[in-house]
Amino acid sequence: MKKYTHTLLTFYKFVDIADPKTEVAKHFQFCNDIGMKWRIYIGEEGISATATCTPGQLQAYKLFLDSNPYFRDIEDFDVKATKVTEHAFPRMVVKYRKEIVALGKVYNAQEVHNGGKRLAPEELKDIIDKDSKDRVILDMRNSYEYKLGHFKNAIPAGTVNFRELENVIETYKEKFEGKKIL
């Protein structure tokens with residue numbers, strides 16, 4: 001029987017950061033001191049992270065995030081956490097990145113916030129569970145990620161990387177005209 005001793009975190013937050021390189025240094029120092037292993041990118045548009053940690057490291061990291069006005073109240077932080085048997089990363093990488101999500105364009109926090117209607121996990125589950133002819137679920141992850149797993153009845157975007165999103169979105173709007181696209 002597997003013993004789940006670590007937590008895998010994946011999260012991002014779009015927030016306007018005035019001095020991201022200082023935040024990179026703070027994160028590296030703190031996470032290195034407590035022994036977390038991960039990949040984190042911080043830029044002017046926010047933070048994107050995938051990390052593994054023990055329960056004590058997780059508690060300390062949450063306190064660290066909550067003490068920083070940029071990283072308080074990360075949406076769905078606990079919802080996206082997964083129990084794992086060990087560290088998933090051999091080392092810790094904390095880097096500055098112009099784009100925390102590689103879209104080919106930098107967005108500020110307000111642009112992201114105004115980008116569309118947000119659904120609670122329960123709302124999305126209800127939509128997925130209902131077979132409806134008036135909507136389509138479009139999976140915007142790349143083809144490799146789609147093959148690893150996707151929502152029931154989701155249509156793959158057919159992209160190699162997320163940067164291609166803007167090039168294909170108009171095609172899908174035309175293809176599914178009259179339907180609600182999620």
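Tutor: In this predicted model, strands are DSSP runs of E with at least two residues, numbered from the N terminus.

Student: In which strand is Lys95 found?

Tutor: Strands take their numbers from the N terminus. The run that holds Lys95 covers residues 93-96, and this is strand β5.

Student: Is Lys95 buried, partly exposed or exposed?

Tutor: Buried requires a relative accessible area under 20%, and exposed requires one over 50%. Lys95 has 45%, so the residue is partly exposed.

Student: Which residues form a positive surface patch?

Tutor: Membership of a patch requires over 30% relative accessible area and no salt bridge. Lys95, with 45%, belongs to a positive patch whose members are Arg39, Arg91, Lys95 and Arg97.

Student: At what distance does the side chain of Asn68 reach the backbone nitrogen of Tyr70?

Tutor: Asn68 sits in the loop between α2 (55-66) and β4 (82-84). Its relative accessible area is 6%, so Asn68 is buried. From there, its side chain reaches the backbone nitrogen of Tyr70 at 2.8 Å.

Student: What separation do the C-alpha atoms of Glu111 and Phe14 have?

Tutor: Glu111 belongs to helix α3, residues 109-113, and is partly exposed at 37% relative accessible area. Along the chain, Glu111 and Phe14 are 97 residues apart, while their C-alpha atoms are separated by 9.4 Å.

Key:
Residues are numbered from 1 along each chain as its sequence is written. This is a predicted model: local features need pLDDT of at least 70, side-chain atom pairs count only at pLDDT 80 or more; totals for chains, interfaces and linings use all residues. Side-chain values use heavy atoms; hydrogens and water are left out. Helices (H or I, at least four residues) and strands (E, at least two) are DSSP runs, numbered from the N terminus. Buried means under 20% relative accessible area, exposed over 50%, partly exposed in between (1.4 Å probe, protein chains only). A polar contact is a pair of N or O atoms within 3.5 Å; within protein, one must be able to donate a hydrogen and the other to accept it, and residues adjacent in sequence count only if both atoms are side-chain atoms. Patches are made of residues with over 30% relative accessible area and no salt bridge: like charges are joined within 9 Å, nonpolar side chains (Val, Leu, Ile, Met, Phe, Trp, Tyr) within 5 Å. Accessible areas come from the Shrake-Rupley method with a 1.4 Å probe; for residues, only the protein chains shown count as cover. A salt bridge is a side-chain nitrogen of Lys or Arg within 4 Å of a carboxyl oxygen of Asp or Glu. Lys and Arg count as positive and Asp and Glu as negative; His and the chain ends are not counted. The place of a charge is taken as NZ of Lys, CZ of Arg, CG of Asp or CD of Glu.
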